[in-house]
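Hi,

Here is the structure I said I would pass on. Have a look at it first, and my notes on what turned up follow below.

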Amino acid sequence: MHTENAVALHYRNPALETSILEALRRTGHDPERIGPDDLLAVDQFHIGGVQAARDLALGAGIGPTTVVLDIGSGLGGPARLFAHHFGATVVGVDLTPEFVETATSLTRRSGLSDRVRFVQGNALELPFTENEFDVATLLHVGMNIADKSALFRSAARVLKPGGMFAVYDVMRTGDGQLAYPLPWATSAEISFSATPEEYATALQAAGFTVGSTRNLRLEGLYFAWS
């Protein structure tokens, strides 16, 4: 519980929604009448932004009949993209209450509340029944979770038989020390990056078959430098 509280505190920002709405006003948008794409510059918290979320959706086969669970949904950017551009029905779950509240508000303001909703919850104990979702997605979340095996078992439990689990995380490829602060952690206390091999082992132990992998290191460096 200490680690979970520390992670939630790391991402906590009571003024988050106010800051986003003010930014929208400065760019000439009415916060009460925004389109889902008006938020794309601020609601994609992962490396690669919009294109990375689109690629993930395409790889996972997300479409109009897909019911998606986005684990660690943040401001709701990927969830809204899956609904608006791919027609999916999406539920987002996040540990941080401010993210859930802001994601819910932005989704209402962008007219997607009929297809996207958000709940507060722990990724290790997902508050859903078994066999509820066609696809689960995980974008830049695993770095804050030490027990990858428990995380993947939790995802497997709520997926329908044959369901797809699409993971896009920052992973270790060497033995060097990480230099903090990093976007997901100010110290090693809440940083649990792992190698692709460790991810694959934990996924397989949870009952998943690793169907395909992509190394986006160069794309990530380009995105960070651009």
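P181 sits in the loop that runs between β5 (159-168) and α7 (196-205). The peptide bond joining Y180 and P181 is cis, with omega at about 5°. Do keep in mind that this is a predicted model, so that angle is a computed one like everything else here.

While we're on backbone geometry, two residues other than glycine have a positive phi. N131, in the loop between β3 (116-120) and β4 (133-139), has phi at about 55°. H140 is in the loop between β4 and α6 (148-158), and its phi is near 55°. Buried or exposed, where does H140 fall? H140 is buried, because its relative accessible area is 14% and the cut-off for buried is under 20%. N131, with a relative accessible area of 42%, counts as partly exposed.

D70 is buried and yet has no salt bridge. Which side chain of opposite charge is nearest to D70? That is R80, and it is 9.2 Å away. Leaving aside residues up to four places away in sequence, D70 touches P78, A79, V91, G92, V93, T137 and L139.

Now the overall picture. The protein has eight helices and five strands, and along the sequence they come in the order α-α-α-β-α-β-α-β-β-α-β-α-α. The radius of gyration is 17 Å, close to the 17 Å that the globule rule gives for 226 residues, so the protein is as compact as a globular protein of that length. If you are setting up a box, the C-alpha atoms fill one of roughly 45 × 40 × 35 Å along the principal axes.

A few totals to go with that:

- Of the 226 residues, 45% are buried.
- Taking contacts between residues at least 6 apart in sequence, 75% join residues at least 24 apart.
- The accessible surface is about 11,500 Å², and carbon and sulfur atoms account for 54% of that.
- On charges, there are 17 positive and 25 negative side chains, with the centres of the two sets 4 Å apart.

That's what I have for now.

Cheers

Note on methods:
Residues are numbered from 1 along each chain as its sequence is written. This is a predicted model: local features need pLDDT of at least 70, side-chain atom pairs count only at pLDDT 80 or more; totals for chains, interfaces and linings use all residues. Side-chain values use heavy atoms; hydrogens and water are left out. Helices (H or I, at least four residues) and strands (E, at least two) are DSSP runs, numbered from the N terminus. The radius of gyration is taken over C-alpha atoms; the globule rule is 2.2 Å times the number of residues to the power 0.38. Buried means under 20% relative accessible area, exposed over 50%, partly exposed in between (1.4 Å probe, protein chains only). Contact means heavy atoms within 4.5 Å. Accessible areas come from the Shrake-Rupley method with a 1.4 Å probe; for residues, only the protein chains shown count as cover. Lys and Arg count as positive and Asp and Glu as negative; His and the chain ends are not counted. The place of a charge is taken as NZ of Lys, CZ of Arg, CG of Asp or CD of Glu. A salt bridge is a side-chain nitrogen of Lys or Arg within 4 Å of a carboxyl oxygen of Asp or Glu.
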